[in-house]
Structure formats: structure tokens, C-alpha cells
Amino acid sequence: MTEERIIDEVVLREYLSEKKYKELRATLSEMNAADIAAIMDDMEDENSLRIFRILPKDMAADVFSDLEIESQQYIIQSLSDKEASNIIDNMMADDATDLLEEMPANVVKKILANARPDTRADINHLLRYPEDSAGSIMTVEYIDLIETMTVEDAIKRIKRIGLDSETVNICYVLDKQRLLVGTVAIRYLLLKQETDIIGEIMNDNVISINTLTDQEEAANMFKKYDFTAMPVVDNENRLVGIITIDDVVDILEEEATEDIEKMAAIIPTDKPYFRVGIFETYRKRMPWLLLLMISATFTGAIITKYTNALASYVVLTAYIPMLMDTGGNAGSQASVSIIRGLSLGEVEFGDIFKTIWKEIRVAVLCGLTLSLTNFVKLLVLDHLELRIAIIVCITLVLVVCFAKLVGCTLPLIAAKIGFDPAVMASPLITTIVDAISLSVYFALATSMLHLAT
């Protein structure tokens, strides 16, 4: 929290406690909507609602859109049906849809019943698209022009509907069947003659996405083409909405959070940390912990199998944690790099052999460096006999190679068969590599030391 925001919050709280509502309203009117929302999110629900009721009407919808979903739900359910519907009417359709998707059905029904017919139609239109699709995150507030219009007619239309549009920078040109045929920038319109025809000056090289396209793929297209807005079309190439850069920022944050949680063996949630209850957190974490614990029994079985070898050379036990940790870390490095490459479109399944060849060479270099360093340490500091030091160091090289191989191939295979590659991250790979590490270690030890298993 910045110092300026802390000061603003202190001032607002002081005005609230002293009931200086005139001064409070004047201060709020000079603040940015996003800053007001951030302060309201940190306040108690009752105070947050009091501030919201004092907000100037022209700011209320903007502030409401920037609130966290829990604050939005509390406020919307505290308002009268008419007040709630007014807020929904003044929100962008995509933001209103996101809110209503999280609300109880009976509340949604009352709000929509009192909303304007056009608002109700827009929200119902967005609600029918699959979750996490381009259609579910698009907005239907955009400026469309007909290709037969003149520049003069186009500018008149922009002035008439532009205030209610998500963006006016780019206008979308349609033919008589509402098929998307081009785009035109508003700055370009201003430089043209009033009698010029839109269809003759538009850019007909249109890049669009389908309503059913996954939202992550849509975000990647924004990055590829450096867009601030992108049209969304149906299967017949009819324009149905647009996605803007603010939606993409939310998508990237959501997808990154989801990947991080999956890589940590947690079932993803879209709620802030302190908004997730204890038992819900338990349910999100327990399944993977249980699965990983059961899978780790293979490690125990391997150690049990080589009990005799360990009894003869107890010193072997001291280096098990180092070998397992190094293998797990090496596998995690490879898997995270590949998962990142997959998400950015830099790597695909067809590159699997190229990827393996690269990771094996990296593994050999890393393994040799680690083993040589460790060899000196084992002889000089640990005073280990030569045969044991050689076994540990050879195992170290092989473990790093196996770990890199597993770490780079599992995410690629997961992506190929339709699973999220992030699932194949640290915890699962570490469990697999642990079993491989022990098997290699004890196999070498029994072979070189001629021990009975």
C-alpha cells in the first residue's frame, strides 16, 4: 500500500467517523475510481457500503467494477433492487456478467428483472458461452459501422454511441449481413474527407477470434499482434463482441495463478487467499497430498528392498537426501522451463526430440560439474573411501540426466494428450525422480560393492 493511499484511507475514515459527508463526497469526487475501490476493499463491509452510497452517481459504476467480487456481492445485496439494477445498467456488460455469475440465482433473477431490456439481453447473451472462452469475457459495447457509410455518417454514429462503448479507438466495419469485413481507426477517420466511403478506406486485413476460443489463446493473440482490442466473431464470421486489453490483463493474472497453484499440487481457486475458508483450503490441497504420499511409498519400497546393502554400508544412507534433492531440483528446472515454453507457444510436442537432445547435453554438463565438486568434498571433508565416493558421484551424474529427461518430456506428453502441463511440475516429477535416484544408487552400490540385496 502506497503512502498516498494510506493517507487517503485515514482521511476517509475520519470523515466517516465524524459524519462529514459533504467533505467526504468532495474528496471522493477528486480521487481515482481504482484508488477508491482499493480503499473500500480494505474497509469493513459497513463502511465500504456507506462510502459507496455517498459516491457521485457518475463514479459509482466505475468504482464498483474495480471492487473485489466479495465486496461487490455485499454491496449489490445491500442495495434495493432498483439501486442494484441501476449499477448493473451502468457497468460494461462483461463486468456485469462476471459479477452475476458469482451471485445466488435468486439475486440474479431480481436484478435482471429490474434491469433495462438491452442490459438484460447483453448479459444473457454472454452467460450462454462456455466458461473461460472468448465469448464469456468479451464485451458487446463496441462501435460498428456499415461499409457503405460516409466518413461524416460514421463520425456522427461514433458521437452518438461512443460514450457507452468500451473503446472508440478502433471501429469495426460490417456489411449488410453483419459480417465483419474490416476495421478503421478513429484517428484515420478524422484525417479523411467527409464524403469518403468507409468500405474504401477501411483496413480489410482483419484478425479476429471465435467466441469458443480459449481465453488463454486469446491472450496470446494479443501479445502476438500487439493489439489493445480484438473482435470476436461467431462461426459465420458475424461480429458479436470485442475483447479489450484490460480483460487480457485479468486473464493473464488468472492463468498465471492457476499454473502456479497446479505446479504446487493445489487445486486452483479464483478467490483471494484470505477469502478461502479453512475447510475449502483443505479440500483444495488434500487430494494431491494424498496422491503424492501414496506414490511416495514406492520410494520406501525401494529402500526396504536394499536393507542388506544399507546394513553393510550404513554410510550410503547419508547421501540419499542429497541425491534425491538434487534430482528433484534438476527435474523441476527442466519442467518449469518447458511449461513456460508451452504457455508462450515457444515449444510444442513436435519439438520433443530437439528438447530432449538439448536437456541431455545440459544435464551432462550440470551432472559433471556437481559430481566433480562433490567428489572433492567427499574425499577431503568427509574422508570417504574412494569406492563410495565414486558410486555417489556416478549416481549424481545419472540422476541429473534422468531428472532432466523426465522433467522435459512429461509436460510435453501431458500437453499432447490434453492435460494441463502445469500438473506435471515439481511435486509429481520429484516423486518420480526420487524413485529413479534410489534405484540407480542402490543398483550401482550392490554392483560395485558386491553386496547382497
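R178 is partly exposed, with a relative accessible area of 35% (buried is under 20%, exposed over 50% and partly exposed in between, with a 1.4 Å probe and protein chains only). The model is predicted: local features require pLDDT of at least 70 and side-chain atom pairs pLDDT 80 or more, whereas totals for chains, interfaces and linings use all residues. Residues are numbered from 1 along each chain as its sequence is written, and side-chain values use heavy atoms, with hydrogens and water left out.

R178 lies in the loop between β2 (170–174) and β3 (180–185) (strands are DSSP runs of E with at least two residues, helices are runs of H or I with at least four, and both are numbered from the N terminus). The phi of R178 is positive, near 65°. Most residues other than glycine have a negative phi. A positive phi, near 55°, is also found at K19, which is placed in the loop between α1 (3–17) and α2 (21–29). K19 is exposed, at 60% relative accessibility.

An open sheet is formed by three strands in the order β4-β5-β6, with mixed pairing (two strands pair if DSSP finds at least two bridges between them). β4 (209–210) and β6 (239–244) are the edge strands; each has a single partner strand, so one side of each lacks a neighbour in the sheet. β5 (residues 229–233) is antiparallel to β6, and five bridges join the two. In this pairing V233 is opposite L239 of β6.

Two surface patches were identified (patch residues have over 30% relative accessible area and no salt bridge; like charges are joined within 9 Å and nonpolar side chains, namely Val, Leu, Ile, Met, Phe, Trp and Tyr, within 5 Å). Accessible areas come from the Shrake-Rupley method with a 1.4 Å probe, and for residues only the protein chains shown count as cover. A salt bridge is a side-chain nitrogen of Lys or Arg within 4 Å of a carboxyl oxygen of Asp or Glu.

The nonpolar patch, of about 890 Å², consists of I278, F279, Y282, M286, L289, L290, M293 and I294. M293 belongs to helix α17 (residues 278–295) and is exposed, at 53% relative accessible area.

The negative patch comprises D98, E101, E102, E131, D246, D250, E253 and E254 (Asp and Glu count as negative). At least two of its residues come from each of α8 (93–101) and α16 (245–263), and α16 gives the most, with four. D98 is located in helix α8 and is partly exposed, at 36% relative accessibility.

Key:
Charge placed at Lys NZ, Arg CZ, Asp CG, Glu CD.
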